[in-house]
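Hi,

I'm handing over the structure we talked about, and I'd be glad if you could look through it when you have a moment. My notes on its aromatic side chains follow below.

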Amino acid sequence: MSLVKESLQNVISQDTLPVLLDNSGRSSTIPVLVSLDGSFIASSTYDERESNQVDLESLAVELDEENKRLLKEKMEKQWLQFDRFKDEYRVGARMFVDKARADYGNSEDEIICPCIKCRNSEHHHFEIVYEHLVTRGMDPTYKIWICHGETGSESNHEDLEIPETYKLFKDLCFQHDENDEDVDDTIETREAEILNLVREAETPLFFGCTNYTKMSASVALLKMKARHCLTDIAFDDILRTSRSFLPEDNTLPESLYSIKKLVKAFDLGYEKIHACVNDCCLFRKDLQHLENCPKCGASRWKLNESSSKIQKAIPAKVLRYFPIIPRLRRMFAITETAEQLRWHSNNKSQDGKMRHPVDALAWETINRRWPSFASDPRNIIFGLATDGFNPFHDLRSTYSCWPVILTIYNLPPWLCMSKESLMLTLLIPGPKQPGNDIDVYLAPLVDDLKKLWNHGVEVYDAFSQATFNLRAILMWTVNDFPAYGNLSGWPYKGKVACPVCREETCAEWLTNSRKFSYMGHRRFLHSDHPLREEPSMFNGHPEHGSRPKISKGR
């Protein structure tokens with residue numbers, strides 16, 4: 001008879017069994033079998049000990065088997081608790097490698113390496129794996145050795161929480177692509193890519209580090225490089241110096257190139273479009289292969305100032321365009337963001353006060369004129385903003401670079417104007433401002449906006465887990481008055497500078513100041529307002545005109 005069975009008989013023969021009261025008030029005793037790890041194996045509840053017999057033999061066998069499994073598992077992994085340079089650790093590592101080689105090794109005696117650097121992503125000879133385990137250590141996140149034959153219980157799999165990193169990369173890699181015809185054939189490949197990305201992202205910076213992983217440290221360093229305008233050479237020097245401060249088994253990338261490869265999965269990229277140096281055209285579509293501007297004849301390539309020769313490898317001017325459709329797909333592929341893009345549909349102000357652009361008259365006009373567009377709250381409503389700035393922090397420089405930014409008003413107010421939600425779409429180069437030729441540079445963005453409005457694009461919505469036809473509209477622009485004139489094409493100076501009054505602008509030329517003065521603002525007052533009859537305070541004449549009609553933009 002096993003010790004477990006003897007113990008159970010001793011326990012049941014005592015009068016100290018746990019007592020509970022059932023609904024009728026009668027006492028019930030509950031003998032409980034507990035395994036070595038403290039979990040319930042079996043229990044038996046009965047009202048009368050004399051009339052209910054417990055099958056001690058079957059319960060004891062079940063408990064013995066469970067305890068044997070737990071003891072074996074404990075002995076197999078106990079070597080990980082020792083220092084890597086102690087004999088107990090080395091003996092355990094050797095047993096682990098030999099067992100993996102015997103059960104799962106290939107013809108070349110190679111097995112999957114679970115060290116902190118390889119992280120089950122590479123195959124090595126079993127002796128190299130043993131060396132990695134001793135010099136680097138086992139990956140601390142590798143709890144269940146599924147790559148080496150261990151299987152977890154069903155309950156463990158049911159209660160297993162999917163890591164946030166895995167969700168992040170899965171949202172990234174499994175976006176719906178309307179041009180992908182072989183989706184089923186790429187699932188396994190993408191799943192493997194996700195696992196590799198997760199391993200990279202969750203690898204500790206060094207053994208025992210809890211503050212930074214390989215990915216988080218790389219992103220933090222890239223932000224520092226951008227914030228302080230570090231050169232690539234200086235950044236590489238910082239990386240090499242930082243690695244020398246860390247333990248030898250650290251996973252910090254060795255160069256900027258390595259970091260860029262690591263974070264490339266999130267890179268949406270941008271398009272470089274050659275432009276005429278005189279802002280006449282963009283060398284795209286039908287003009288893509290031209291060497292000279294069809295309007296002014298200027299060369300597409302940069303002119304060497306010292307030799308006056310054309311350098312065909314270097315374009316004279318480059319527009320950078322960040323396509324908006326892939327970025328919208330990326331946003332809807334993330335469950336939380338896809339839900340936030342519906343915020344406006346359920347949060348319209350009920351007291352007549354404007355707290356968000358959804359309460360604006362322009363938004364109501366869109367809903368009224370295009371009800372089919374307004375019927376789907378996922379359709380995007382944009383605002384566009386642009387202005388010039390000097391990127392070199394030098395007041396003596398006259399260089400003017402023009403970014404074009406889109407704002408997504410579907411988002412809640414605490415998000416739509418945050419810098420993370422603003423979409424940089426165009427970066428118009430200097431050295432001079434584009435002026436009225438800004439429409440030349442807006443062409444790629446306008447093409448995408450027209451496509452989103454006229455036809456829409458198929459997008460996968462992670463929140464509803466279905467695809468839909470996404471459309472978008474540009475509601476308004478946000479800019480100062482000169483930029484307003486450039487975007488609209490309406491002159492912002494001269495006799496007809498007012499975009500409201502247009503041809504009815506009251507402009508008067510001041511001979512001594514040599515500029516125009518606009519004095520017709522009294523027309524907007526009520527017809528019997530006393531200031532209409534005050535000539536001395538204004539231009540010396542009473543005002544009897546009526547306000548101009550608001551232009552419809554047609």
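Let me start with Tyr484, which is partly exposed, its relative accessible area being 32%. Please keep in mind that this is a predicted model.

The aromatic pairs come next: the structure holds 12 of them. Trp343 counts as buried because its relative accessibility is 18%, under the 20% cut-off. Trp414, at 60%, is over the 50% cut-off and therefore counts as exposed.

That brings me back to Tyr484, whose ring pairs with that of Phe481: the centres are 6.1 Å apart and the planes at 10 degrees, so the pair is stacked. Both residues lie in helix α18 (residues 481–488), and the 3 residues from one to the other make about one turn of the helix. Phe481 is partly exposed, with 38% relative accessibility.

There is also an aromatic cluster, made up of Trp79, Tyr89, Phe96 and Trp145.

Lastly, what sits over the ring of Phe468? The charged end of Arg378 does, 3.9 Å from the ring centre. Arg502 lies over the face of Trp490, at 4.2 Å from the centre of that ring.

Best wishes

Notes: Residues are numbered from 1 along each chain as its sequence is written. This is a predicted model: local features need pLDDT of at least 70, side-chain atom pairs count only at pLDDT 80 or more; totals for chains, interfaces and linings use all residues. Side-chain values use heavy atoms; hydrogens and water are left out. Rings of Phe, Tyr and Trp (its six-membered ring) pair if their centres lie within 6.5 Å; planes under 30 degrees apart count as stacked, over 60 as edge-to-face and the rest as tilted. Buried means under 20% relative accessible area, exposed over 50%, partly exposed in between (1.4 Å probe, protein chains only). Helices (H or I, at least four residues) and strands (E, at least two) are DSSP runs, numbered from the N terminus. A charge sits over a ring if NZ of Lys or CZ of Arg is within 6 Å of the ring centre and within 35 degrees of the ring normal.
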